[in-house]
Amino acid sequence: MHDTEDMPVDVDFDEEEPSFSDPEDFEDDVDDEELLGDLLREKPQEADGIDSVVVVDNVPQVGPERLEKLKNVIHKIFSKFGKITNEFYPTVDGPEGLTKGYIFLEYGAPTQALEAVKNADGYKLDKQHTFRVNVFTDFDKYMSISDEWETPEKQPFKDFGNMRHWMEDPDCRDQYSVIYESGERTAIFNNDAKDPIVSEERARWTETYVRWSPKGTYLATFHQRGIALWGGEKFKQIQRFSHQGVSLIDFSPCERYVVTFSPLMDTKEDPQAIIIWDILTGQKKRGFHCESSAHWPIFKWSHDGKFFARMTQDTLSIYETPSMGLLDKKSLKISGIKDFSWSPGDNIIAFWVPEDKDIPARVTLMQLPSRQEIRVRNLFNVVDCKLHWQRQGDYLCVKVDRTPKGTQGVVTNFEIFRMREKQVPVDVVEMKGDPESKTAQRIKFAVLHGESPRINASFYHVKNNEMFDKQQANSIFWSPQGQFMVLAGLRSMNGALAFVDTSDCTMMNMVEHYMASDVEWDPTGRYLVTSVSWWSHKVDNAYWLWTFQGRLLQKNNKDRFCQLLWRPRPATLLTQDSIKVIKKDLKKYSKIFEQKDRLSQSKASRELVDKRRSMMEDYRTYREAALQQHHEQKIARLQLRGGVDTDELDSNTDDWEEETIEFFINEEIIPLGE
Amino acid sequence: MSYSCALQKPILLQGHERSITQIKYNREGDLIFSVAKDTVANVWYSVNGERLGTYNGHTGALWCVDCDWDTKNVLTGSADNSCRLWDCETGKQLAMLNTSSAVRTCGFDFSGNIIMFSTDKQMGYQCFLNYFDLRDPQQIEDNQPYLTVPCAESKITSAVWGPLGEFVIAGHENGEINQFSAKSGEVLKKVKEHNKQINDIQTSVDLTMVITASKDCSSKLFDSTTLDHIKSFKTERPVNSAAISPIMDHVVMGGGQEAMEVTTTSTRIGKFEARFFHAAYEEEFGRVKGHFGPINCVAFHPDGKSYSSGGEDGYTRIHHFDPQYFDFELEA
């Protein structure tokens with residue numbers, strides 16, 4: 001390639017070269033931005049660098065001879081957070097004076113400055129000098145706070161309406177949630193003996209299942225990102241808690257707190273497997289580490305929500321609310337603790353410890369917050385214990401399995417702690433009957449559980465073990481009001497149900513809900529729901545409503561029905577006296593209710609009758625038109641069948657031949673005389 | 001709500017060793033045809049259940065059967081890839097039409113001159129709807145239908161003729177219903193009211209209506225000509241078959257699941273029931289128990305005084321209605 005310089009001039013190029021220079025006073029209209037835009041962006045801005053400056057106070061004041069040393073020390077400490085690009089050590093009265101005691105340091109980036117503030121603020125250089133480090137811009141911020149007090153903007157009041165709205169239903173219908181279409185739809189129904197009435201129905205309301213809060217105020221739904229709480233008349237979203245991958249939740253009994261568990265979110269520095277939230281403010285109160293969720297809920301709450309506790313190896317940790325800190329700042333060391341349980345009536349914990357060498361097993365009752373042990377009971381040769389509190393906390397029943405010395409088998413007895421009596425006396429009740437028979441075991445047990453205060457009496461008078469032994473049952477469901485219970489043979493036992501009145505141990509009714517997987521009492525104890533969940537059986541998914549006596553009221557089929565949960569009721573506001581008065585006047589109320597029922601029944605019949613009438617009318621109209629058309633096609637029909645009229649079975653009787661054939665229909669042997 | 005509709009003892013037809021796939025009465029109702037998976041086609045006297053005869057020849061499970069209006073010819077379709085024509089009285093095989101895949105549904109038109117049958121989508125072959133004119137022996141001899149309609153999308157699972165033989169009403173695997181012209185093969189009308197397979201379609205005795213039975217646990221009533229959706233009958237089990245009463249505003253449905261789909265053994269004997277619904281009110285009013293397995297096919301006697309059901313258990317049961325059945329009325 002030649003250099004252009006050496007190229008011969010083109011001889012044909014005779015014309016004068018056009019001038020390419022601008023005229024004298026030409027001003028171009030291209031601005032700098034267009035020409036050098038990218039360069040301009042890099043032009044240093046005046047304000048840059050302020051964010052990366054920190055001010056360090058309480059720096060020793062030194063003269064020029066020691067300045068160098070000071071600078072080295074500062075450097076050593078502060079270059080840990082980033083590269084120091086600039087520094088300024090202001091001095092008093094010129095460069096020969098002492099340093100003022102505060103210095104400015106500039107870092108390469110604002111993040112480094114922030115690191116410096118975070119870590120060096122409060123650094124004790126020596127006895128007299130503790131650094132205070134601030135970002136330079138903070139000074140500006142605090143300086144420019146106006147002297148005028150501006151009231152903070154009022155957050156708009158989030159009115160969720162009446163959160164107890166469902167309790168005001170004039171017919172006192174309880175609600176229940178139903179998940180169906182394998183989780184795609186969730187609906188809330190008002191329970192009516194005739195037919196459930198839809199209150200609310202949404203698609204994809206929850207991703208897995210739902211839970212009600214203990215007093216029924218909130219409905220919790222599960223999502224990948226966390227849980228949401230809904231409530232009020234229209235089930236608006238009250239609160240949302242972000243906990244990635246949440247799988248289990250628990251409410252405090254007072255509904256003040258909710259505990260969420262997610263197996264995903266757990267790191268050593270920031271334990272987030274279990275988080276406790278304040279429901280009203282939506283704040284995350286505290287996170288906890290958790291090894292396994294096998295025995296959910298890990299945290300057990302006291303009945304009033306003042307305390308919650310969990311058990312780990314040899315330790316019982318009790319926390320108090322609302323601080324979420326450990327009671328007395330430390331956990332209790334209880335070597336070998338196996339299980340604990342809060343009284344449903346008082347702030348008392350019952351726990352048991354198995355045998356350890358010479359020390360027998362024992363059950364301890366501890367009062368909180370004093371941590372005073374109000375009762376300790378020693379037990380010998382214990383294999384296992386199960387703690388069961390009576391509903392009001394009046395009794396604690398401990399089922400003890402033991403192997404008496406010199407025997408092989410396991411014997412069961414019950415230790416009953418009478419909580420309301422001085423010094424908590426303990427009754428021991430032996431188990432009669434073959435311990436192998438699980439049913440018998442549970443019956444006795446259940447009787448103890450439910451009755452109050454006649455526990456002892458009922459126990460000793462249970463006679464009908466044999467009857468109950470023959471039952472196909474693997475679960476017991478007590479009515480929330482006591483007295484009535486259902487023995488159910490769920491899942492593999494084909495849904496056999498026995499309704500029992502335990503006041504006289506009679507079997508009220510024996511029925512069946514084939515393949516039933518769940519049983520739920522309504523909060524009043526008037527109704528029972530048995531259901532076949534799609535999660536356990538893929539056909540016949542439905543829930544059936546029964547009276548407490550075992551009379552079937554409704555069969556509700558729902559495509560891929562999954563779960564039904566009754567909405568709990570808060571404790572009654574009536575005093576014991578008002579309840580007595582109401583019970584006395586029951587006859588009067590019954591009359592009114594019966595009348596109401598009759599009216600609504602006949603109304604329903606009338607509605608049904610009206611509906612049927614209109615359906616029949618429509619159908620008749622359609623049939624008339626269809627038959628009209630059919631009539632018009634008669635000729636075509638005759639043609640297709642060669643003139644034979646087949647419109648009626650006896651249309652062409654002229655063509656018929658009569659033939660008599662004998663058919664053997666039946667044989668009957670009639671004995672004659674003697 | 002429900003009561004048992006037929007308290008008289010049913011007549012039991014025992015002649016099959018495997019599950020019944022279809023049963024049909026002839027127009028006058030004196031005969032009832034039954035076909036099953038055991039390759040056997042039987043015909044019985046409906047009055048006492050005595051077997052008249054068997055049509056022998058098929059070598060595979062039989063899926064469908066039909067009889068012409070004059071009870072002269074019988075048509076059967078089988079998994080042995082053939083559709084066969086028989087003389088009803090003598091049992092003689094009159095024609096054999098070979099196909100590339102199993103014959104799922106078949107039928108004579110109103111005149112009895114044209115036959116249709118559909119073949120399954122199997123072994124690389126797609127579903128076809130074939131029409132033969134019996135007045136043209138060449139078609140039979142050459143096994144050349146005068147019209148073949150391919151069904152690429154969803155195979156035909158059940159089909160019946162329209163009122164005057166101008167079209168075939170077919171139910172498909174995806175729940176669709178199409179009217180296929182018998183002259184051109186084009187789709188004259190289509191509807192999709194079901195969202196799962198149509199297991200059975202049957203006509204009313206005057207051919208003005210059809211009733212469908214679907215895997216989506218419901219049965220629906222349509223007008224044959226317009227395919228307007230008139231009524232729906234809902235249950236909680238897949239419906240295998242449905243029929244319209246000739247004299248009352250009733251429909252009967254039979255269903256349940258195939259034995260292999262049931263994961264637990266039911267200890268309840270004879271648990272599968274035929275269900276009766278009021279056609280106008282769409283409400284169930286009666287049930288008849290008795291079968292030991294799902295009911296695969298139901299049919300009303302043309303005089304409406306009895307009905308039959310064929311089951312997975314291989315039995316066909318003929319039930320005569322009590323007088324109560326005819327007097328029964330829902331309050332309106």
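Visitor: Why does R132(A) count as partly exposed?

Guide: In this predicted model, R132(A) has a relative accessibility of 42%. Buried means under 20% and exposed means over 50%. The value falls in between, so R132(A) counts as partly exposed.

Visitor: What makes the contact of R132(A) with D121(A) a salt bridge?

Guide: Their closest N and O atoms are 3.3 Å apart. The cut-off for a nitrogen of Arg and a carboxyl oxygen of Asp is within 4 Å, so the pair is a salt bridge. R132(A) lies in strand β4 and D121(A) in the loop between α3 and β4, so the pair ties together parts 11 residues apart in sequence.

Visitor: Why is D174(A) called buried?

Guide: Its relative accessible area is 2%. Buried means under 20%, so D174(A) is buried.

Visitor: How do you know that D174(A) and R526(A) meet in a salt bridge?

Guide: The N to O distance is 3.9 Å, and the limit is within 4 Å, so the pair qualifies. The two residues are 352 residues apart in the chain. R526(A), at 37% relative accessibility, counts as partly exposed.

Visitor: What makes D401(A) and K399(A) a salt bridge, and are they buried or exposed?

Guide: Their side chains meet at 3.5 Å, N to O; that is within 4 Å, so the pair is a salt bridge. D401(A) has a relative accessible area of 14% and K399(A) one of 15%. Both values are under 20%, so both residues are buried.

Key: Residues are numbered from 1 along each chain as its sequence is written. Chains are lettered from A and ligands numbered from 1 in the order in which they are written. This is a predicted model: local features need pLDDT of at least 70, side-chain atom pairs count only at pLDDT 80 or more; totals for chains, interfaces and linings use all residues. Side-chain values use heavy atoms; hydrogens and water are left out. Helices (H or I, at least four residues) and strands (E, at least two) are DSSP runs, numbered from the N terminus. Buried means under 20% relative accessible area, exposed over 50%, partly exposed in between (1.4 Å probe, protein chains only).
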